[in-house]
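Student: I am new to this structure. Please show me how to read it, one feature at a time.

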Amino acid sequence: MEEKIKKIKSQIAEQLKSIKDKNSLEDVRIKFLGKKGEVTELLKEFKDLPKEEKPKFGKALNELKNEIENSIKERETKLKAEEISKKLEEEKIDVTLPSKKIIRGSKHPLTRVIEEIEDLFVSMGYDVCSGPELETDEFCFERLNLPKGHPARDMQDTFYITTEYLLRTQTSAVQAHTMMDNKEKGPIREIVPGKTYRREDDATHSHQFNQVEGLVVDKDISFADLKGTLEIFMKHMLGPNTELRFRPSYFPFTEPSYEVDVSCFKCGGKGCNLCKHTGWIELLGAGIVHPNVLRMNGYDPDVYSGFAFGTGLDRLAMFKYEITDIRLLYSNDVRFLEQFDRKDI
Ligand code: DAH
């Protein structure tokens, strides 16, 4: 027995030295300490030893078992440390290498225009409001003084969903919502940027486009307020030298109504291809809120007056950034979009 113990001791030392991974360590453990392992076999033999030899070998066998267990544990710890340092070595990075270029997105020209307008009007005390795109005939037309069968409806080729529901053709529809929702019937100062829909498609018209509506209702609001506001608005968007021209026009929800042109920011009004050699570009519809609209939506026109305006955001963005085809705004072509990644535009 003594011989066997010695042999096992030297064997285990030898074998542990050549261990390279966890699996072979486990093999060694099984070989010596497993159910049929060499130490286990010795323990079985121990039972048949003469009584007087038992204390001596009992102790020796116990020590052997503990020794093996400890050396396996030790080896295991070492293996783990080796593994970690190997992994660290493999994952070493060269911090002097040039970095990968991070491709940053840029804001869509329409988003830029909308944010610019919102910042300006919020700074003048306006609220930024919104309304449903799936609108009712009532709010899109009737409450704006455009009853069923009104000829002015022909100007807006409408997508009807049912006879009552439609895709809103103008953000003016939100005017009626705001007036109706205002329980105190107090003053209103709002802009409404949003999507609008009409059945048209060519280089300068899209079936889905964007408008921003402006509405101010208060006591003693006059044309002077409208003119001053639009001047601030257009000079802010297109440059301080921008001039405005108000031409009489017709919208059922305003009286008087105007078509508002701005002097061409490219040629300063001399005439160029952008303004089609007229020096002016038509950008807005505007006017003094019609008394019928105030009355229909709960405001007393003898107490309150207001002004309203509306403009196409796509047209404004196209003019500002000299984009010649509206479809570019909606085709998500990266070559087009990345041109707006510059801080100076
Ligand atoms: N909603 C009109 C359109 O889409 C634009 C417009 C004209 C809005 C006059 C107004 C306004 O608020 O007063 O053609």
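**A walk through the model**

Tutor: Start with one residue. Histidine 177 touches Pro132, Glu135 and Phe139, not counting residues up to four places away in sequence; contact means heavy atoms within 4.5 Å. This is a predicted model: local features need pLDDT of at least 70, side-chain atom pairs count only at pLDDT 80 or more, and totals for chains, interfaces and linings use all residues. Residues are numbered from 1 along each chain as its sequence is written, and side-chain values use heavy atoms, with hydrogens and water left out.

Student: Where is histidine 177 placed? Is histidine 177 buried or exposed?

Tutor: Buried means under 20% relative accessible area, exposed over 50%, and partly exposed in between (1.4 Å probe, protein chains only). Histidine 177 has 18%, so it is buried. Its place is in helix H7 (residues 173-181). Helices (H or I, at least four residues) and strands (E, at least two) are DSSP runs, numbered from the N terminus.

Student: In what order do the strands of the open sheet lie?

Tutor: Two strands pair if DSSP finds at least two bridges between them. Here 7 strands form an open sheet with mixed pairing, in the order S1-S4-S5-S9-S8-S7-S6. Strand S1 (127-128) and strand S6 (244-251) are the edge strands, each pairing on one side only.

Student: Which helix packs on the sheet and touches S1?

Tutor: Helix H5 (residues 109-123) does. Helix H5 also touches S4, strand S5 (208-218) and strand S9 (305-312). Axes are lines fitted to C-alpha atoms, for helices over the stretch in contact, and angles run from 0 to 180 degrees between N-to-C directions. The direction of H5 makes about 170 degrees with that of S4.

Student: How do S1 and S5 each run against S4?

Tutor: S1 and strand S4 (residues 188-197) run parallel, joined by 2 bridges. Valine 128 has isoleucine 191 in S4 as its bridge partner. S4 and S5 are antiparallel, with 10 bridges. Threonine 196 stands opposite phenylalanine 209 in S5.

Student: How many residues of S4 are buried?

Tutor: S4 is mostly covered, with 8 of its 10 residues buried.

Student: Is isoleucine 161 buried or exposed?

Tutor: Its relative accessible area is 52%, so isoleucine 161 is exposed. Look for it in the loop between helix H6 (137-140) and strand S3 (165-167).
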